[in-house]
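I opened my notebook to look up a few local features, one entry at a time. Each entry records what I searched for and what came back.

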Amino acid sequence: MVEAIRFTGDAVELIDQRLLPAQERWIRCETAALTADAIRGMVVRGAPAIGITAAYGYALAARQGADVEEARRLLLASRPTATNLRWALERLDRVPPERRVEEAKALHREDVAVNKAMGRHGAALLEDAHDLYSHCNTGALATGGWGTSLGVIRSAAESGRRVHVWVGETRPYLQGARLTAWELQQDGIPCTLVTDNAAAFLMGAGKVDAVLVGCDRVAANGDTANKIGTLALAVLAARWEIPFYVCMPTSTLDRDCLDGTSIPIEERDPDEVRGFGDQRWAADIPAYNPAFDVTPAELVTAWVTEFGVWRSPFPPANAAFIADGGTTR
Ligand code: MRU
C-alpha cells in the first residue's frame with residue numbers, strides 16, 4: 001500500500017500528492033516552516049495525515065532548538081478546518097521537548113491502528129452493501145496508513161466481501177479521481193470513476209447501497225465538516241434512504257465546537273475552480289472555492305469510530321468518553 005509520510009530522523013518526507021497519479025515524487029521538509037508550507041500547499045492533505053505531518057514538523061523544531069512557539073503558530077495556521085492539526089500539536093505539548101519525536105512516531109503508528117479498528121467496525125456495517133459511494137480521498141494517502149472510510153472499504157474487501165466503489169471525482173481538487181481511484185486500483189478493488197454530478201442519478205437508479213465519507217472536524221453535536229460536496233451527498237442519500245456513514249477517528253472530534261456553525265471553513269484559491277494545474281477552462285470571472293461543507297448530524301446514519309459504531313443521534317450513549325476529552329489513549 002502507498003505511503004504518504006515518512007520520518008527520517010532529520011526531516012519529514014512527503015509524497016507530493018499534487019502530482020499523483022502521474023508522478024511519484026517525494027518532498028523533504030527539514031524545518032517546521034517547510035512542513036507548514038507543504039501542508040498549506042497540499043503536498044500532503046487529509047485530516048489525519050496533516051495532523052501527523054504537523055506533529056513531525058513540531059518535533060523537529062524542538063529537536064533543532066528552534067523557536068517552538070513560532071513553529072506551533074505556523075503549523076496551526078497552515079490549514080484551518082481539520083481539527084487533527086491542533087489535536088496533534090496539543091498531544092506533543094503534553095510531553096517534554098526531548099520526547100516529541102518519539103511521541104510523533106507513536107501518534108503515526110496509532111493512527112494506523114485506529115484506522116484498522118475503524119475498518120473492522122465499519123466492514124461489519126456493510127453486510128448487505130455492495131455498491132459503495134466514496135467522496136474525496138480518505139485512504140492511505142490521507143492518513144498514517146490504511147485510511148478511514150477507504151480503510152473500511154479495504155477491510156471489507158480484505159475479508160472477502162464483494163464490493164464495488166463509485167469514486168466521486170471531487171471537484172475542484174480531484175482527490176477522488178486522482179488519489180482514491182489510484183489507491184483502489186493498486187489494491188485491485190473494483191471501482192468506477194464518476195463525476196460528482198452523477199451522484200443523484202446513481203442513487204435514484206438504486207445503484208448505491210451506502211455512502212462512506214471521512215471528516216475534518218465533527219462538532220460536539222455531530223455536525224460534520226468534510227470535503228465540499230459531502231453535504232449534497234448526505235441530502236441525496238436521505239432522499240433515497242441510503243445509509244450515510246461518516247468514518248471518524250475520535251481525533252477529529254472537537255468538543256469546543258458546539259455545532260457546525262463554529263467550524264471554520266477554508267476558502268481556497270478561486271483559480272482551482274477556473275482550472276486545474278496549468279489548464280484554465282473558465283474566463284477570468286469571479287469564482288468562489290469553499291473547500292469544505294458541514295453536514296448536519298441529522299443526515300448522518302452512523303459515525304464509525306475506532307471504538308465502535310456510533311449510531312445517530314449524536315452523541316452516543318458513551319458520551320462520558322467524549323466528556324473525557326475524546327482522546328484515543
Ligand atoms: O482538502 P483535503 O484533501 O485535505 O480534504 C480531505 C477530506 O475532506 C477528507 O475527507 C478528510 O480529511 C478525511 S481523510 C481521512
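**Entry 1: salt bridges**

I noted that the model is a predicted one. Then I asked how many salt bridges a search of the whole structure finds. The search gives 21. The general idea is simple: side chains of opposite charge can pair when their charged atoms come close.

I looked up E70 next. E70 makes a salt bridge with R73, and their closest N and O atoms are 2.9 Å apart. Where do E70 and R73 lie? Both sit in helix α3, which covers residues 68–76. They are 3 residues apart, about one turn of the helix. I then checked accessibility. E70 has 31% relative accessibility, so I wrote it down as partly exposed. R73 has 48%, so R73 counts as partly exposed as well. The cut-off for exposed is over 50%.

**Entry 2: a pair between two loops**

I turned to E127. The side chains of E127 and R161 meet in a salt bridge, at 3.8 Å from N to O. This pair links distant parts of the chain, 34 residues apart. E127 is in the loop between α5 (100–125) and β4 (131–134). R161 is in the loop between α6 (149–158) and β5 (164–168). Is E127 buried or exposed? Its relative accessible area is 53%, so E127 is exposed. R161 is partly exposed, because its relative accessible area is 23%.

**Entry 3: a pair between two helices**

I looked up R154 and E183. Their side chains meet in a salt bridge, 2.9 Å from N to O. This pair also links distant parts of the chain. R154 is in helix α6, and E183 is in helix α7 (residues 175–187). They are 29 residues apart. Are these two buried or exposed? R154 has 5% relative accessibility, so R154 counts as buried. E183 has a relative accessible area of 1%, so E183 is buried too. Buried means under 20%.

**Entry 4: around the ligand**

I listed the residues around the ligand. There are 19 of them, and R45, A47, R79, N226 and K227 come nearest. A polar side-chain atom of K227 lies 2.7 Å from an oxygen atom of the ligand. Which part of G46 lies 2.9 Å from an oxygen atom of the ligand? It is a polar backbone atom of G46. For Q175, an N or O atom in the side chain is 2.9 Å from a ligand oxygen.

**Entry 5: the second largest pocket**

I moved on to empty space. Rolling a probe the size of a water molecule over the atoms shows where empty space is left. The second largest pocket has a volume of about 200 Å³. Its lining includes R18, G41, Y173, R268 and D269. D271, E272, G275, F276, G277 and R280 are also among the lining residues. Which elements each supply at least two residues of the lining? They are α10 (271–274) and β12 (275–276). I sorted the lining by class and wrote down 2 nonpolar, 3 polar and 6 charged residues.

**Entry 6: cis peptide bonds and positive phi**

I finished with the backbone. Most residues other than glycine have a negative phi, and most peptide bonds are trans. So I looked for exceptions to that general rule.

- L20 and P21 are joined by a cis peptide bond, with omega about 0°. P21 is in the loop between β2 (12–15) and β3 (26–29).
- The peptide bond from S312 to P313 is cis, with omega near 5°. P313 is in the loop between β16 (308–311) and α11 (319–323).
- C136 is not a glycine, yet its phi is positive, near 60°. C136 is in the loop between β4 and α6. C136 counts as buried, because its relative accessibility is 7%.
- W146 has a positive phi of about 80°, and W146 is not a glycine either. W146 is in the loop between β4 and α6. With a relative accessible area of 9%, W146 is buried.

Terms used: Residues numbered from 1 in each chain as written. Predicted model: local features only at pLDDT ≥ 70, side-chain atom pairs only at ≥ 80, totals over all residues. Heavy atoms only, no water. 1 Å grid on protein atoms, 1.4 Å probe; cavity = no way out; pocket = protein on both sides within 12 Å on 5 of 7 lines; lining within 4 Å. Points joined across faces, edges and corners; volume = space filled by probe spheres on them. Helix = DSSP H or I, 4+ residues; strand = E, 2+ residues; numbered from the N terminus. Nonpolar A, V, L, I, M, F, W, Y, C, P; charged D, E, K, R; others polar. Salt bridge = Lys/Arg side-chain N within 4 Å of Asp/Glu carboxyl O. Buried < 20%, exposed > 50% of the residue type's maximum accessible area, 1.4 Å probe, protein only. Near = heavy atom within 4 Å. Polar contact = N/O pair within 3.5 Å; in protein donor to acceptor, adjacent residues only side chain to side chain.
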